[in-house]
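Hello,

Here is the structure I promised to pass on to you.

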Amino acid sequence: MKTSQFLLATAKETPADAEIVSHQLMLRAGMIHKLASGIYSFLPLGMRVVRKIENIVREEMDRIGALEILMPMVQPAELWRESGRWQGMGPELARFRDRHEREFCLGPTHEEVVTDIIRNQCHSYRQLPLVLYQIQTKFRDERRPRFGVMRAREFIMKDAYSFHADLASLEETYRDMHQAYVAILRRLKLEFRAVTADSGNIGGSTSHEFHVPADSGEDEIVFSSGGDYAANIELATGRLPDPEAEEQPGDCIATETGAAATIDEVCQLLEVEPKRLVKTLIVHAADENGAPGDDLVALLLRGDQNLNETLARQIEGVGSPLRFADDDLIRERLDCPPGCLGPLPSLGIRIIADHSVSGMKNFICGANQAGRHLLNANWNRDCAYHEIADIRRVREGDLSPDGNGTLTVRRGIEVGHIFQLGAKYSEALKATVLNEQGKAAVMYMGCYGIGVTRLAAACIEQYHDQRGIIWPDSVAPFHLIIVELDAHKSGQVRNQAEALYRQALAAGIEVLLDDRDRKTSPGVKLAESELIGIPHRLVVSPRTLADGEVEYSSRRGREKSRIALAKAIPAIADMLSDS
């Protein structure tokens, strides 16, 4: 391709609303064009990157036996009502009516549609397992689209769905898909972490997220310094170091604390550190449907620690979503203001203690009386809990739960998520096959998503410098750029650049020839070649040709070298074959 025939839509200035590096560079390099908030057109340069990512994803899906299909973006409301998600998805689901007043939505995901296909096309367990995937545009009406294509309303993703006669088959495909995602990310040359994760509103019992560590990431991931443990911070657990010295139980004393109610106020009044306190949080217990009900539950944490709401709502008997009791309800039910609550038997409700408090001695807690706290309280003598659970939000430096080192917390970009759905959707949509006994059996399902356009942005987040993008060879829009300098002064420059260009094409190298005329300065050409991030560059100029050479540089380094004209393209081909 030649720039004289190519839409190279680069820009000097960074748009004011571009907050992160990938958004800034995708706009400046002319990869994307903003149409509306969270909606972008992909220009030729960006489209070449997207297609390469798609091809890598497609190859790895095909390698594990997945079959490609294409499902409609527009989906009827009836299917979503069958699954129970028509209302549950909330305002992110873009709903509309057609001219006949029938309700539809723009698909943010395709569990319902693919299950409808399978329930009509598969009738026997002999047709299973079956894995279907598509690479398609999705739409989610994000409340606050930001970060360019990283959190856009319209985006391209690969979503795959598997169907099984039993759980063992689902688990086997889940492992295959996990390995396929690892292969995809390795081919993209990305640093990544696979972490255990919460399934959220997709559902299911088991899920893993694939994160690309980056300062711009919206999620926090946790991993062990000495082992394989890794989790999204929503599900991460850790341990605090044991006390350095063994304490003997002291005499429990009730003391007046007046209006002091918060951890900070009590610590200031009593001149102690927050880690000496046990704080008592009151939440709603689950009703018969698992939602927040009328009963209350107490959650205990060490005073310097924070609650992990995701872990707390997963405890059987705790309402989901987690809902804190308001102050008036606490006063009415527990006959005590919230700031003076403690895990005394008089509390009269179920008490769940985090591991951070279960081994504490001589701690301070509320006395369940207004304006009073207990000093030197101890378990079994003064206070009690009914059970222990992991409900603390982990922190950097906590001990790893696998016993190998400490925990590191980093920001990450979630680029993929895989789920074992079980029978959630197949039961709701009555997707069954005849089993070996000839009886109707509900199929088990898995679903597996990876963001194609988000992967493009993630590559830029990990591969860039102050001059622009640094594409890995596997997804670079072109492998080689040939830059003509002062071709208007030297016909030899134009002829030799053209000859190199044709040699590169013949060698199967994806090449861009910058043949723009004198109106584009040498400085602009060189700067733009670095901005768009093509891995290899050859510069043809009167000065180099005088010695029968061209100038070579790699986008990854600042070193420049001379190569004889006859050896230039073979040298590039060798470098690409080794990458």
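**Salt bridges and a helix pair**

Glu103 is partly exposed, with a relative accessible area of 23% (buried is under 20%, exposed over 50% and partly exposed in between, using a 1.4 Å probe and protein chains only). This is a predicted model, in which local features need pLDDT of at least 70 and side-chain atom pairs count only at pLDDT 80 or more, while totals for chains, interfaces and linings use all residues. Residues are numbered from 1 along each chain as its sequence is written, and side-chain values use heavy atoms, with hydrogens and water left out.

The side chain of Glu103 meets that of Arg81 in a salt bridge, at 2.4 Å from N to O (the term means a side-chain nitrogen of Lys or Arg within 4 Å of a carboxyl oxygen of Asp or Glu). This pair links distant parts of the chain, 22 residues apart: Arg81 sits in helix H3 (residues 77-83) and Glu103 in strand E6 (residues 103-106). Helices (H or I, at least four residues) and strands (E, at least two) are DSSP runs, numbered from the N terminus. Arg81 is partly exposed too, at 42% relative accessibility.

How many salt bridges are there by this rule? The count comes to 43. Another of them joins the side chains of Glu59 and Arg187, at 2.6 Å from N to O. Glu59 belongs to helix H2 (residues 44-63) and Arg187 to helix H6 (residues 167-187), so this bridge ties together parts that are 128 residues apart in sequence. Glu59 is partly exposed, with a relative accessible area of 38%, and Arg187 is partly exposed at 29%. A network of salt bridges links Glu59, Glu60, Arg63 and Arg187.

Are Arg392 and Asp398 buried or exposed? Arg392 is buried, with a relative accessible area of 5%, and Asp398 is buried, with a relative accessible area of 5%. They form a salt bridge, with the closest N and O atoms 2.9 Å apart.

Now to the helices. The axes of H1 (residues 21-28) and H12 (residues 452-462) come within 8 Å and cross at roughly 105° (axes are lines fitted to C-alpha atoms, for helices over the stretch in contact, with angles from 0 to 180 degrees between N-to-C directions). H1 and H12 are therefore roughly perpendicular to each other, a term for angles of 65 to 115 degrees. Val21, Ser22, Leu25 and Met26 of H1 make the contact with Ala456, Ala457, Ile460 and Glu461 of H12, where contact means heavy atoms within 4.5 Å.

Best wishes

Definitions and conventions. Angles under 35 degrees count as roughly parallel, over 145 as roughly antiparallel, 65 to 115 as roughly perpendicular and the rest as oblique.
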